[in-house]
Amino acid sequence: MVSALSLSAVALSVNTAVAQDYNASPEARKIAQENMLIDTHIDVPYRLTEDWEDVSQATQRGDFDYPRAVEGGLNVPFMSIYIPARLEQTPGASKQLAHQLIDSMEALAWRAPDKFAMAYSVADVEQQFADGKISLALGMENGSPMEGDMANLKEFFDRGIRYITLSHSQSNHIADSSYDLRRQWNGLSPFGKELVKEMNNIGMMIDISHVSDDAFWQSIELSKAPVIASHSSLRRYTPGFERNMSDDMIKALGENGGVIMINFGSTFVTQAANRYRDMLKQQIEQVKEQYGAESDEAKQRIAELEADNPFPFATLEQVLDHIDHVVKLIGIEHVGIGSDYDGVGDSLPVGLKDVSTYPNLVQGLLDRGYSEADIKKILNENLLRVWREVEAYAAEH
Ligand SMILES: [Zn+2]
């Protein structure tokens with residue numbers, strides 16, 4: 001999608017809010033602490049493969065560690081077993097990495113059994129919440145480890161995976177991707193259609209984040225249980241960005257009984273952030289063309305361009321707009337949190353910079369008139385309802 005906005009328009013839209021502007025009240029902190037808080041997408045496992053730190057202690061880097069999770073009131077992070085799309089080209093590579101990432105989460109729980117415990121069911125997260133432990137639940141981001149063999153669904157279910165994001169940044173053997181112009185299946189592949197049914201039967205939540213629109217509609221049509229979007233936001237605020245959900249899709253998700261878990265990454269939240277990199281790149285190309293790619297003049301002007309156009313971080317208020325709009329469309333029962341912490345680099349909104357900041361979100365909801373009962377739905381009840389229904393369907397089939 002070609003943008004009509006100029007860079008100066010992006011610069012003007014930079015919000016000047018700073019982190020200190022957000023200071024959750026004791027009431028908001030209490031709500032975050034006393035209620036179970038579920039976040040369905042945190043990329044700790046892959047982060048640690050690139051830059052290991054002991055997240056059972058305070059860490060220097062990243063968005064998640066135990067002390068910050070406790071401060072923020074986080075109880076159930078779904079740790080993302082993220083498999084880069086390119087691995088599908090090498091037989092066995094996706095499965096290999098998936099097992100290793102799961103091992104790493106088990107090791108974390110084993111190293112700090114007073115702080116963390118693996119979670120495989122609604123009953124587990126409820127018990128561990130009562131015990132004061134953080135539940136490590138697992139979601140697989142990219143179904144490529146299925147490798148076209150239904151036996152792998154069982155294998156990874158048995159290892160604790162409780163949702164599968166059908167595809168990631170490229171079309172895979174299951175589903176087309178929103179980020180990939182190649183639409184080899186026009187939605188789901190024949191195996192993908194079988195997989196959706198088997199995921200229902202085994203009790204695996206179907207995650208439609210990342211897939212193409214056609215793959216979303218086919219999944220909704222086929223699934224006998226509610227589905228989730230583990231970390232998606234609203235296309236209304238990022239026109240043309242297929243990775244986010246349109247109003248029509250959100251309405252269908254509501255009818256399906258599912259839930260959209262809102263992604264905090266600025267590029268998912270505002271058009272300015274979403275288009276920032278493309279626009280800056282375009283301007284840089286123009287400068288290179290005009291002054292010669294390697295000239296000192298070009299280097300100087302590119303440095304100026306970058307300095308004059310810092311990344312336009314979204315704000316907490318803009319994240320709240322996404323929640324409000326879902327509520328307006330399909331009610332309070334179908335929205336939750338899928339932050340993408342540790343998965344979106346330095347692009348998080350002002351006021352929501354890491355897992356210690358959920359109380360700011362609660363404060364924002366209170367300020368907008370949400371009751372504590374409504375906030376509880378967003379923090380845990382909506383996702384738990386879907387998870388329970390998925391468990392119940394599997395128990396009967
Ligand atoms: Zn993702």
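I begin with one histidine: the side chain of His 173 comes to 3.5 Å from the backbone nitrogen of Glu 147. Please bear in mind throughout that this is a predicted model. His 173 sits in the loop between β5 and α8. A second polar partner is Glu 88, whose side chain is joined to that of His 173 by a polar contact of 2.6 Å. Is His 173 buried or exposed? His 173 counts as buried because its relative accessible area is 18%, and the cut-off for buried is under 20%. Leaving out residues up to four places away in sequence, His 173 touches Glu 88, Gly 143, Ser 144, Met 146, Glu 147, Gly 148, Trp 185, Ser 189 and Phe 191.

Let me now step back to the whole chain. The protein has 16 helices and 9 strands. Its radius of gyration is 21 Å, close to the 21 Å that the globule rule gives for 397 residues, so the protein is as compact as a globular protein of that length. Along the principal axes, the C-alpha trace spans about 65 × 50 × 40 Å. Of the 397 residues, 60% count as buried. The accessible surface comes to about 16,100 Å², and 49% of it belongs to carbon and sulfur atoms. As for the contacts, among those between residues at least 6 apart in sequence, 72% join residues at least 24 apart.

I turn next to the metal. Which residues are the protein donors of the zinc ion? They are Glu 141, through OE, and His 210 and His 231, each through NE2, and they lie 1.9 to 2.3 Å from the ion. Their spacing in sequence is E-x68-H-x20-H. The histidine pair links distant parts of the chain: His 210 is in the loop between β6 (205-207) and α9 (213-222), while His 231 is in strand β7 (residues 228-232), 21 residues apart. Both histidines are buried: the relative accessible area is 4% for His 210 and 0% for His 231.

The next element is helix α8, residues 190-202. Its 13 residues reach 19 Å from the first C-alpha to the last, close to the 18 Å expected at 1.5 Å a residue. Which residues of α8 are buried? They are Phe 191, Gly 192, Leu 195, Val 196, Met 199 and Asn 200. As a general point, an α-helix has 3.6 residues a turn, so residues three or four places apart point the same way. The cover over the buried residues of α8 includes α7 (150-158), β5 (161-165), β6, α9 and α16 (372-396). After the helix comes Gly 203, with a positive phi near 95 degrees.

Strand β6 brings us to Ile 206, which lies within it. Ile 206 is buried, with a relative accessible area of 1%. Setting aside neighbours within four places in sequence, Ile 206 is in contact with Ile 164, Leu 166, Val 196, Met 199, Asn 200, Ser 223, Val 227 and Ile 228. Val 196, Met 199 and Asn 200 are among the buried residues of α8 already named. Ile 206 and Ala 229 are 23 residues apart in sequence, and their C-alpha atoms are 8.2 Å apart in space.

Two further loop residues deserve a mention. The loop between β4 (134-141) and α7 holds Pro 145, which is buried at a relative accessible area of 0%. Beyond four places in sequence, Pro 145 touches Ile 83, Ser 94, Lys 95, Ala 98, Met 140, Asn 152 and Phe 156. Pro 145 and Leu 37, by comparison, are 108 residues apart in sequence and 29 Å apart in space, C-alpha to C-alpha.

The other residue is Thr 270, in the loop between α11 (266-269) and α12 (271-291). With 10% relative accessibility, Thr 270 counts as buried. A polar atom of the Thr 270 side chain lies 3.1 Å from the backbone nitrogen of Ala 273. Not counting residues up to four places away in sequence, Thr 270 touches Tyr 237, Thr 238, Pro 312, Ala 314 and Gln 318.

To close, I return to the metal site: Glu 141, His 210 and His 231 are the protein donors of the zinc ion, and the histidine pair links distant parts of the chain.

Notes
Residues are numbered from 1 along each chain as its sequence is written. This is a predicted model: local features need pLDDT of at least 70, side-chain atom pairs count only at pLDDT 80 or more; totals for chains, interfaces and linings use all residues. Side-chain values use heavy atoms; hydrogens and water are left out. Donors are N, O and S atoms within 2.8 Å of the metal (3.2 Å for Na, K and Ca); water is not among the atoms, so sites may look incomplete. Helices (H or I, at least four residues) and strands (E, at least two) are DSSP runs, numbered from the N terminus. Buried means under 20% relative accessible area, exposed over 50%, partly exposed in between (1.4 Å probe, protein chains only). The expected span of a helix is 1.5 Å times one less than its number of residues. Contact means heavy atoms within 4.5 Å. The radius of gyration is taken over C-alpha atoms; the globule rule is 2.2 Å times the number of residues to the power 0.38. Accessible areas come from the Shrake-Rupley method with a 1.4 Å probe; for residues, only the protein chains shown count as cover. A polar contact is a pair of N or O atoms within 3.5 Å; within protein, one must be able to donate a hydrogen and the other to accept it, and residues adjacent in sequence count only if both atoms are side-chain atoms.
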